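Please look over the chain below before reading on. The paragraphs that follow lead from the overall layout to individual side chains.

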Amino acid sequence: MKNVLFILFFSLSLNFAYSQEGKIRTAEIKTDIACDHCAVCSSCDQNIYIKVKDNTKGVRKVEIDAEKNIIKVKYNSKRTNLEEIEKAIVLSGFKANQVEPTEEAYNSLDPCCKKK
């Protein structure tokens, strides 16, 4: 009986893992990061993480590359889409691909995060 339950559990787990595989996507979003210390700055770095990861369902991972001006986002395409992720980045005050941040969001950034 234990063997049957183990095999059933294993096959269901394997099936679930394969079904999730097609839903996970990675997007590279072009942005404008003005500061050179974004990855260690608690205000700019955390601002992007909070707005994107915590406020957008389905986002699994957010990586910021300030040197290349790219925000890499790993997400579940069944729960969110690129447009929603771009909207979250724009709300944090940064450009997301061709979408510009609102004046209010941009003005809320620390001075080091704004374009010089």
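Throughout this explanation, a residue is called buried when its relative accessible area is under 20%, exposed when that area is over 50%, and partly exposed in between, with a 1.4 Å probe and protein chains only. The model is a predicted one, in which local features need pLDDT of at least 70 and side-chain atom pairs count only at pLDDT 80 or more, whereas totals for chains, interfaces and linings use all residues. Residues are numbered from 1 along each chain as its sequence is written, and side-chain values use heavy atoms, with hydrogens and water left out.

The protein chain has four helices and three strands, where helices (H or I, at least four residues) and strands (E, at least two) are DSSP runs numbered from the N terminus. Read along the sequence, these elements follow the pattern α-β-α-β-β-α-α. Of the 116 residues of the protein chain, 33% count as buried. If contact is taken to mean heavy atoms within 4.5 Å, residues 24 or more positions apart account for 54% of the contacts in the protein chain with a separation of 6 or more.

The strands form an open sheet in the order S1-S3-S2, with antiparallel pairing; two strands are said to pair if DSSP finds at least two bridges between them. S1 and S2 are the edge strands of this sheet, each pairing on one side only. From one strand to the next the twist averages 15°, an angle taken between axes that are lines fitted to C-alpha atoms (for helices over the stretch in contact), on a scale from 0 to 180 degrees between N-to-C directions. Strands of a sheet pair through backbone hydrogen bonds, either parallel or antiparallel. Between S2 and S3, which run antiparallel, there are six bridges. Within this pairing, Ile64 stands opposite Ile71 in S3, and the bridge partner of Lys61 in S3 is Lys74. S2 and S3 form a hairpin with four residues between them, and Asn69 in the turn has a positive phi of about 55°.

Val73, if residues up to four places away in sequence are not counted, touches Arg25, Thr26, Ala27, Ile29, Val52, Val59, Lys61 and Ile85.

Thr56, which lies in the loop between H2 and S2, is buried, with a relative accessible area of 8%. The side chain of Thr56 reaches the backbone oxygen of Val52 at 3.0 Å. Leaving aside neighbours within four places in sequence, Thr56 is in contact with Lys51, Thr80, Glu84, Ile85 and Ala88.

A salt bridge is defined as a side-chain nitrogen of Lys or Arg within 4 Å of a carboxyl oxygen of Asp or Glu, and by this rule the count comes to three. In one of them the side chains of Lys61 and Glu63 meet at 3.1 Å, N to O; Lys61 is partly exposed at 43% relative accessible area, and Glu63 is partly exposed at 34%. Glu84 and Lys87 form another, at 3.4 Å, N to O. Because Glu84 and Lys87 are three residues apart in helix H3, they are separated by about one helical turn. Glu84 is partly exposed at 32% relative accessibility, and Lys87 is partly exposed as well, with a relative accessible area of 45%. Lys95 and Glu100 also meet in a salt bridge, at 3.7 Å, N to O, and Glu100 is partly exposed at 46%.

Val99 lies in the loop between H3 and helix H4 (103-107) and, at 35% relative accessibility, counts as partly exposed. Not counting residues up to four places away in sequence, Val99 touches Glu86 and Val90. The C-alpha atoms of Val99 and Ile89, 10 residues apart along the chain, are separated by 9.3 Å.

Note on methods:
A polar contact is a pair of N or O atoms within 3.5 Å; within protein, one must be able to donate a hydrogen and the other to accept it, and residues adjacent in sequence count only if both atoms are side-chain atoms.
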